[in-house]
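Q: I would like to learn how to read a protein model. Can you show me the structure and take me through it?

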Amino acid sequence: MAHVALHAHTRTEFGNGPTRRLRQQGMVPGIVYQPGGPSLTLALPGHDLRKALNEGRTGVIDLVIGDEPARPVLVKDWQLHPVHLGVLHVDFQQVDLTQEVEAPVQIVLTGNAVGVRDGGVLDQPLREVVVSALPDSLPDHIEVDVAELTIGDSIAVGDITAPEGVTIVTDPETVVASVVAPSSDVGEEPTDEATEVTDVGGGDSSNE
C-alpha cells in the first residue's frame, strides 16, 4: 500500500491562546511519539490531515517535519470537536517498517443474516480488533460475513480469518456479532399470585 505524505512544522508556542490561534489558522496541533526518544510537538494543515485520515487510519504516513527527512508514522489517536467533528488534536507513533506493531482495526460486517430475515436483530458488541503485523501490512478494516447467522447464532474473534501477514491478538472468545430474538413490546399479564403479593405490601403506591 502506498504511503500518504503529510507535511508539518514544529510548535514553539503552547497554552490555550496559541493553540486557539493555531486552529483559527486552519492548523491542527499534534505530537509524534518516538521509540527511545523524546516526543515531538507539531502543527499540521487541517485539510491535509483530514485527507490523510480519510485514506485509512491504519495506513503508514510519511510525515515530513520542516526540512527533515520523512519518517514513517501511524495514527495513534485523535480528538474530534463534539459539535462540528473537526480534528482538534492528533497523536502519531513513529514506527520501524521492519518491526511488527499492534494496532486496532475496524470490523465491517457484510451479508444479510438469515436470522435477520426471519425477524431477529443483528447485534455487534465488538467494533474493532487488535492485530499484529508489519506497518505496511496493517489492513484498513477486516470484513466479517454474517450471512449464515440464524437466530441464536454468533461469531467470535476466533472465527475470523485474518489477512495474510496479520495476526489477531484480541481474545478469540470475544463475541463479534450475533443474531438475537426480538424483544416483545407487550408484557405478560400479571398472575393472581403476583397481584396478591403486591397487595400485601399495603399502602398507596402513588405516595412512594
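Q: In which sense do strand 2 and strand 3 pair?
A: Two strands pair if DSSP finds at least two bridges between them. Here strand 2 and strand 3 (residues 40–45) pair in the antiparallel sense, over six bridges. Ile31 stands opposite Thr41 in strand 3. This is a predicted model, where local features need pLDDT of at least 70, side-chain atom pairs count only at pLDDT 80 or more, and totals for chains, interfaces and linings use all residues. Residues are numbered from 1 along each chain as its sequence is written, and side-chain values use heavy atoms, with hydrogens and water left out.

Q: How are the helices and strands numbered?
A: They are DSSP runs, numbered from the N terminus: helices are H or I with at least four residues, strands are E with at least two.

Q: What lies between strand 2 and strand 3 in their hairpin?
A: Six residues lie between the strands. Among them, Gly36 takes a positive phi near 75 degrees.

Q: Which way does strand 6 run beside strand 2, parallel or antiparallel?
A: Strand 6 (residues 87–94) and strand 2 run parallel, joined by four bridges. Val32 of this pairing stands opposite Phe92 in strand 6.

Q: How many residues of strand 2 are buried?
A: Buried means under 20% relative accessible area, exposed over 50%, and partly exposed in between (1.4 Å probe, protein chains only). In strand 2 (residues 27–33), six of the seven residues are buried, and the strand is mostly covered.

Q: Which residues of helix 2 are buried?
A: In helix 2 (residues 46–54) they are Gly46, Leu49, Ala52 and Leu53. Seen down the helix axis, these buried residues fall within an arc of 125 degrees, so they line one face of helix 2. The arc is that of the directions from the helix axis to the C-beta atoms. On the other side of helix 2, His47, Lys51 and Asn54 are exposed.

Q: What do the buried residues of helix 2 pack against?
A: Contact means heavy atoms within 4.5 Å. The buried residues of helix 2 pack against strand 1 (4–10), strand 2, strand 3, strand 4 (61–65), strand 5 (71–80) and strand 6.

Q: What follows helix 2?
A: Gly56 follows helix 2, and its phi is positive, near 135 degrees.
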